[in-house]
Amino acid sequence: VQLQASGGGLVQPGGSLRLSCAASGSIFSINFMGWYRQAPGKQRELVAGITSGDSTNYADSVKGRFTISRDNAKNTVYLQMNSLKPEDTAVYYCNAVRFLLTYWGQGTQVTVSS
């Protein structure tokens with residue numbers, strides 16, 4: 001499984017960004033896809049995830065502001081991020097789990113600053 005993340009950038013507080021993660025390769029039977037983030041000096045944390053059954057979960061810090069979704073036809077998962085805050089600044093990583101193996105995409109930088 002190969003994961004290609006895109007969509008990061010610089011945005012002002014209160015702004016929005018949409019991250020995309022395109023999966024390729026052996027994508028059948030992917031059980032879970034998610035977005036993690038890692039800020040400087042902090043551990044990587046799960047931001048949002050979506051299962052093959054379309055169940056979603058979110059970190060408490062992003063509930064109501066971020067939405068994870070997917071387009072099966074495009075093998076792509078999205079993270080819509082609204083009402084961004086400076087504390088959302090981090091490198092965001094796409095993640096997939098298939099048959100208990102974990103795959104990571106390259107990170108994409110999100111910076112929220114005025």
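Modeller: Happy to. Let's begin with a charged pair: Asp-54 and Arg-70 form a salt bridge, with their closest N and O atoms 3.1 Å apart. A salt bridge here is a side-chain nitrogen of Lys or Arg within 4 Å of a carboxyl oxygen of Asp or Glu. Asp-54 sits in the loop between β5 (45-51) and β6 (56-58), while Arg-70 is in strand β7 (residues 66-71), so the pair ties together parts that are 16 residues apart in sequence.

Colleague: Before we go on, what kind of model is this, and how are the residues numbered?

Modeller: It's a predicted model: local features need pLDDT of at least 70 and side-chain atom pairs count only at pLDDT 80 or more, while totals for chains, interfaces and linings use all residues. Residues are numbered from 1 along each chain as its sequence is written, and side-chain values use heavy atoms, with hydrogens and water left out.

Colleague: Fine. Are Asp-54 and Arg-70 exposed, partly exposed or buried?

Modeller: The general idea is relative accessible area: under 20% is buried, over 50% is exposed, and partly exposed is in between (1.4 Å probe, protein chains only). Asp-54 has 48% relative accessibility, so it counts as partly exposed. Arg-70, at 26%, also counts as partly exposed.

Colleague: How many salt bridges does the structure hold?

Modeller: There are 5. One of them joins the side chains of Arg-65 and Asp-88, at 2.7 Å from N to O. Arg-65 lies in the loop between β6 and β7, and Asp-88 in the loop between β8 (76-81) and β9 (90-98), so this pair ties together parts that are 23 residues apart in sequence. As for cover, Arg-65 is buried at 9% relative accessibility, and Asp-88 is buried at 1%.

Colleague: You keep mentioning strands. How many helices and strands are there?

Modeller: Helices (H or I, at least four residues) and strands (E, at least two) are DSSP runs, numbered from the N terminus. This protein has 0 helices and 11 strands. Its radius of gyration is 13 Å, close to the 13 Å that the globule rule gives for 114 residues, so it is as compact as a globular protein of that length. That radius is taken over C-alpha atoms, and the rule is 2.2 Å times the number of residues to the power 0.38. Along the principal axes, the C-alpha atoms fill a box of roughly 40 × 25 × 25 Å.

Colleague: How much of the protein is buried?

Modeller: Buried residues make up 40% of the 114 residues.

Colleague: And what do contacts tell me about the chain?

Modeller: A contact means heavy atoms within 4.5 Å. Of the contacts with a separation of 6 or more, 51% are between residues 24 or more positions apart. Ala-23, in strand β3 (residues 17-24), makes a handy example. Leaving aside neighbours within four places in sequence, Ala-23 is in contact with Gln-2, Leu-3, Met-33 and Asn-75. Ala-23 is buried, at 9% relative accessibility.

Colleague: Which residues does Leu-46 touch?

Modeller: Leu-46 is in strand β5. Not counting residues up to four places away in sequence, Leu-46 touches Phe-32, Trp-35, Tyr-36, Asn-57 and Ala-59. Leu-46 is partly exposed, at 27% relative accessible area.

Colleague: Is Gly-41 buried or exposed?

Modeller: Gly-41 is exposed, with a relative accessible area of 87%. You'll find Gly-41 in the loop between β4 (30-38) and β5. From Gly-41 to Ser-16, 25 residues apart along the chain, the C-alpha separation is 24 Å.
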